[in-house]
Amino acid sequence: MKLNVDALRYLSKDDFRVLTAVEMGMRNHEIVPAELVDRIASLKHGGTYKVLKNLLKHKLLHHDSSKYDGFRLTYLGYDFLAIKALVNRGVFLSVGRQIGVGKESDIFEVATEDGTVLAMKLHRLGRVSFRAVKSKRDYLRHRSSFNWLYLSRLAAVKEFAFMKALEEHGFPVPNAVDCNRHCVIMSLVQGYPLVQVKQLQNPEMVFERIIGLVIRLAEHGLIHCDFNEFNIMIDDDEKVTMIDFPQMVSVDHRNAQMYFDRDVECVFKFFRKRFNMSFHEIPDDIDDSEVDMDESGRPCFSSIAKGSGFLDKDLAASGFTRKDQEDIEKFVEGGIEKDADSGDEENEDGGLASELNESDISGVDSLHLVEQPTLNCDVDGRGEENEQKAEAGQTNGPETQDASDEEDNETMISKDAELTKRLRNQNRRVIASVRGGRKNLASRNTYKDKGGRSSHNSKIQKQLSSW
Ligand code: ADP
Ligand code: MG
């Protein structure tokens, strides 16, 4: 996706305030009604509609009137929010050329004040694995774009957390600099993806290093799950750096053996094809590990002395919880496929109300209303989790929020009781209409309705009252 950041310079404080208001509205609205944006943004001098028009012009928002009239963030709008927050924090100053297009990300160079060039990865979940995800039923039946924003944020938080933890354990990974929303800032790897390398001085040594990494990861309790020539960078000294961590799983995963073997196989296959390697002479003490090799020279997963606790301790400390891990595994390719084989039929009609059942509703809940605050650090910087983390001195990384953002958000978050009440009513109606099987979730003026007594949803209540 093209990222033209020129408009960033011309956007005013009000523009960002309204953009942030739409983001906040999207926590519990697929499409955010203009009136609600106006209420959340509470611009001092009014003019929300004019600002919305401007944001639309720059393609930072999308206008949607399919179900009811309102707005949602585009990926570009989300990019701008993340970039602005990181620039405000002083992480970098300018955005440069695109250096990579991944399966589900765009990578750009960014420059810091002192001229250091870093890499910025913008996660774009749903770009290619949409089909794979779609077949997995659960939350995404209604295919709304805000799910993708949420998942991209989860992927970024996970990647940042893993990168940091791996770095601390001495793995050759980029230096994890910062993270905001779906954006990860890391050091720029000097080198090329292995897929672009046609010749190596010492292919055996590089191969050993790479297989050694797969084994050492498992010894630390982890499997990369996408360990291939696209995610291994190699420099002129043939030093190896591994990248791309959103799909990593624990060695306790029920498909761990399969993922491990698949990672190993990718490396074997690539080296055989590209460098004509045969694997008879590969020593069985790769990376000083005592690992058994099978007759074809491949390391046996069962013989690896697998560590544990890596995921639980280090990652939880960096803000990525086991629950986040479970959430994302449901969506990322290479993750849990438990829903794929549940014999669930695909429903193509796209109607939300007719597709959701009780468990789907609680899924929607946890996806947007309960989990979000943990991650939504830049908007909701005053959440309980964030306060706890601030107390614990964890000011770097995804939980950090720059002061000006915080000030802005604080004003926005301290909304009057009336708005909270209206939101609560609207959520009740949405849940009620979903349960009642109505397809039209809301009319243009839904949020103005007084709302009757509808079904109660404690999670929503809890979330709203914590606003
Ligand atoms: P995806 O998850 O979408 O596959 P990757 O993290 O693998 O994204 O990145 C895609 C490409 O971007 C890589 O193949 C590599 O060429 C480039 N890239 C990613 N991270 C860096 C980095 N830190 N330094 C230099 N290039 C990078
Ligand atoms: Mg990749």
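Predicted model: local features only at pLDDT ≥ 70, side-chain atom pairs only at ≥ 80, totals over all residues.
Begin by selecting the magnesium ion, ligand 2. Its coordinating atoms come from N231 (OD1) and D244 (OD), at 2.1 to 2.2 Å. Next, display the loops that carry these two residues. N231 belongs to the loop between β9 (222-223) and β10 (232-234), and D244 to the loop between β11 (240-242) and β12 (249-250), so the pair ties together parts that are 13 residues apart in sequence. Colour both residues by accessibility: N231 counts as buried because its relative accessibility is 6%, and D244 counts as buried at 15%.

Now select ligand 1 and the 20 residues around it; S105, K121, V189, N231 and D244 come nearest.

- At K121, an N or O atom of the side chain is 2.6 Å from an oxygen atom of ligand 1.
- At E104, a polar backbone atom is 3.0 Å from an oxygen atom of ligand 1.
- At S187, a backbone N or O atom is 3.0 Å from a nitrogen atom of ligand 1.

Taken alone, ligand 1 exposes 550 Å², of which the protein buries 90%.

Finally, select helix α8, residues 203-219. Its 17 residues reach 24 Å from the first C-alpha to the last, close to the 24 Å expected at 1.5 Å a residue. Is α8 mostly covered or mostly exposed? The helix is mostly covered, with 12 of its 17 residues buried. Among the buried residues are F207, I210, I211, V214 and L217. Moving past the end of the helix, select G221, which follows α8 and has a positive phi, near 90°.

Terms used
Residues numbered from 1 in each chain as written. Chains lettered and ligands numbered in written order. Heavy atoms only, no water. Donors = N, O, S within 2.8 Å, 3.2 Å for Na, K, Ca; no water. Helix = DSSP H or I, 4+ residues; strand = E, 2+ residues; numbered from the N terminus. Buried < 20%, exposed > 50% of the residue type's maximum accessible area, 1.4 Å probe, protein only. Expected span 1.5 Å × (residues − 1). Near = heavy atom within 4 Å. Polar contact = N/O pair within 3.5 Å; in protein donor to acceptor, adjacent residues only side chain to side chain. Areas by Shrake-Rupley, 256 points an atom, 1.4 Å probe, with all protein chains shown as cover.
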